Amino acid sequence: MAAPVEVCHVACCASRAGGGAVSWGRGGLLAFGSCRDVILYEPAMRRVATALRGHGGRVNCVRWVRRRDGASETELISGGSDKQLILWEWNGTGAWNDQLVKRVPLKGHAEAVCAVDAVYQSDESDLSLIASAASDSTVRIWSRQGSEAKCIEILQFGNGFVMDVCLSFLPGSNVPVLACGGDDCKISLYIQQNDRFQKTLMLPGHEDWIRGIEWAACGADLFLASCSQDCLIRIWKVCTKSKQLPEIEDDSIRLKENVFTVKDTDTTYAITLESVLAGHENWVYAVHWQPSFFKDGSMQQPMRIMSASMDKTVIIWEPDKESGVWLEQVRVGEVGGNTLGFFDCQFSPDGSMIVAHAFHGALHLWKQATGNKKEWTPEVVISGHFNSVEDVQWDPEGEFIVSVGSDQTTRLFAPWKRKQETEQSSDLPEGATVPALGLSNKAVFEGDMAVQPAEDEETFNTISNQYPEIYFQPLILTEPPPEDHLLQNTLWPEIQKLYGHGYEIFCVACNNSNTVIASACKASKKEHAAIILWSTASWKKLQSLLFHNLTVTQLAFSPNEKFLLAVSRDRNWSLWRKQDSSESGPVFSCCAYTDKNTAVHSRIIWSCDWTPDSKYFVTGSRDKKVIIWGNCDLSVNTEGNMLDSIKPCSAVLDAGDSVTAVSISHVLTPDGRYIIAVGLENGKITLYTWKQSGQEPALADWTTCVEMNNSQSHALAVKRLCWRHHAGRAGHNDQNNSVFWKMELALHFASCSYHLLYSRWFNVITICTKLR
């Protein structure tokens, strides 16, 4: 039997927390922090494997626990703003999911954790070392064996901050070495001796904060790559130094060696500066080595590094085969004027793909071409809002989802299918662009696009040539566009601005015939809490509806367009009935409402929705109550006051937590029950069915269908729920599949919260069978 609920799409992006929020494991899973979740993404399958939930704050850093033999990782360590680390253990069987992963919290830091690294001490044992840096100016060393983990040492850095940490082992030994890079522009090396990490060396050279460091073992040598806000990358080499007679001094120029001796093994090591790489024009936030691989019975480390910078580029560096000088081999990056560079980057396990974490949270994926090794092409990767997702809606045909977020972007999500090309009307613009000194975007038509001059054509270095007005260039898409192309090339032209509210808009709604728009803004006084109706034909104000004293939190037109429902922070709802249309448009008058004497809700009413037959409407509140009101169709033809006829038709449903979103499916169950999705402040989503059985409201009319588990729910408050208007799944042509309709009835709905947008579908017949 099919699962009642399946998550079919997740839209999210990585946390804007600097470098370290992304890590690519040898098993092919890309782990990244997104708000309070650790997302495990499969780039090969282009899907989210699971979301690991356990942090109470933003996830700032993620690292796979590396094995020295290069085997696939089964453990993941993450650190967050909740001042703790979490070690995620997978038993190695089945798939990664929230139910099969064991969680081990590591608490001790006094401030947010900003960097973490971990490594097994040997291939045979499960003993691992973990190093974490936090804003409390300390680095903590943790020892973990089995299910027990404890802090074994605290390294104090006074008033300084450590930006990155990395663990490895000295060449030819099992002696752990820790590198710390911070705001003192120096790399601090700590060697474990007598079971304590002792400060051994300080490596100067960088002239600004060090943002990233990483070790790589290559044969009998150990290499350290570091990057800094001074736009430079430095590569250091650690090797064993044989005991020999002092060399005779001469006038030849040689690199300075930093020598130290490990007492436990009586071995002397020398550290020299191997190379300084200059190529970036802004802060370099991350540097990483290509992962080693197993070949001919030993681990082979490619001499290849990748760096990410705020100059909007990612560079792959390799030493020249003849001279050994490190040179830039590949440079990729973002285009357009709306981006701000990269925080982090990662190689895939085999080095054929690279991923970069942009400033706005977007992930960018490139794949190496099979023919030309220096050619890298963009690939499809997960994307989403980089701040709170405030609202989500299906289009009337149910083909795509539109979402809006606090990141000041509106995004469209749809199943990708491009089998038949459709001709575009010549009336439609090619795209839109924002002028350099403009506040509004403007449409770009085919004749507006700049013609590129020929190579041999003489061009004059004028101001207009240096700063072109139009940056838009049309694209022929064969795959979904990456984030930078979405920012630059798919900007929708602005049609109209509507002025009338005194403060920022809080909610909007449109009737089914697309003729009237209702809007409301934030308000602390009655005059500001007015609902304004606009005509889509003339874009003029039709009416101002005054009733509420505080912000109207949601508006909803009834499916038959005869009513407009409003719920508010003042704990009341108001119902407006459509009167005979005037010359300018329809007129609405208040026909029912609740006040302090008749109100059932005792806290803010956050959400509301209508049943598909316009008989009832539902309200959800911070007081944990869900109530269905009606019967509205009995009062449509009555004259005068409807106050007595609109009353609770259901018993009060206690949702268990503050209700922040409610939505009623447009499709009923086979036995005529309404399907209601309820989203809570704790991120949980529950599906109920309801049908009035008698004259008096009864709690038995409510039936719980599905309580979604952690991996299917959100980490923070559910902002909005929205059902697809038709049965079936978007992009699957279910309505034309007769076998599908005989077996099951699928409904598709979307939900949004902070940083995440989920799209799900569930099987109605399966649920109803369980109910019987």
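This is a short talk on one predicted protein model, going from the whole chain down to single residues.

Okay, some ground rules. It's a predicted model, so local features need pLDDT of at least 70, side-chain atom pairs count only at pLDDT 80 or more, and totals for chains, interfaces and linings use all residues. Residues are numbered from 1 along each chain as its sequence is written, and side-chain values use heavy atoms, with hydrogens and water left out.

Let's start with the whole thing. We have four helices and 57 strands in this protein. Those are DSSP runs numbered from the N terminus: helices are H or I with at least four residues, strands are E with at least two. Of the 772 residues, 52% are buried. Buried means under 20% relative accessible area, exposed means over 50%, and partly exposed is in between, using a 1.4 Å probe and protein chains only.

What about the surface? The protein exposes about 36,100 Å², and carbon and sulfur atoms supply 49% of that. Those areas come from the Shrake-Rupley method with a 1.4 Å probe, and for residues only the protein chains shown count as cover. Now contacts, meaning heavy atoms within 4.5 Å. Take the contacts with a separation of 6 or more: 52% of them are between residues 24 or more positions apart.

Next, the second largest pocket. How much space lies in it? About 970 Å³. Points are joined across faces, edges and corners, and the volume is the space filled by probe spheres set on the points.

This pocket has 43 lining residues, and R26, R66, W215, S292 and Q301 lie nearest its centre. By type, the lining divides into 21 nonpolar, twelve polar and ten charged residues. Here Ala, Val, Leu, Ile, Met, Phe, Trp, Tyr, Cys and Pro count as nonpolar, Asp, Glu, Lys and Arg as charged, and the others, Gly among them, as polar.

Now zoom in on Y616. You'll find Y616 in the loop between β46 (605–610) and β47 (617–621). Why do we call Y616 buried? Because its relative accessible area is 8%. Setting aside neighbours within four places in sequence, Y616 contacts several residues, including D609, I628, C649, Y674 and W690. Q692 is also on that list, and the side chains of Y616 and Q692 make a polar contact at 3.1 Å. A polar contact is a pair of N or O atoms within 3.5 Å; within protein, one must be able to donate a hydrogen and the other to accept it, and residues adjacent in sequence count only if both atoms are side-chain atoms.

N631 is another contact of Y616. They are 15 residues apart along the chain, with C-alpha atoms 5.7 Å apart. N631 sits in the loop between β48 (625–630) and β49 (647–648), and the peptide bond from G630 to N631 is cis, with omega near 0°.

Back in the loop between β46 and β47, there's also S614. S614 has a positive phi of about 65° although it isn't a glycine. Most residues other than glycine have a negative phi, and most peptide bonds are trans. S614 counts as buried because its relative accessible area is 3%.

D195 also has a positive phi of about 65°, and it isn't a glycine either. D195 is in the loop between β16 (187–193) and β17 (196–203). Is D195 buried or exposed? Exposed, because its relative accessibility is 66%.

E390 lies in β33, residues 389–394, and counts as partly exposed because its relative accessibility is 32%. A polar contact of 3.0 Å joins the side chains of E390 and K719. Beyond four places in sequence, E390 also touches V404, G405, S406, R720 and C752.

And then S34, in β3, residues 30–34. S34 is buried because its relative accessible area is 0%. Leaving out residues up to four places away in sequence, S34 touches C12, C13, S15, I39 and H755.

That's my tour, thanks!

Conventions. 1 Å grid on protein atoms, 1.4 Å probe; cavity = no way out; pocket = protein on both sides within 12 Å on 5 of 7 lines; lining within 4 Å.
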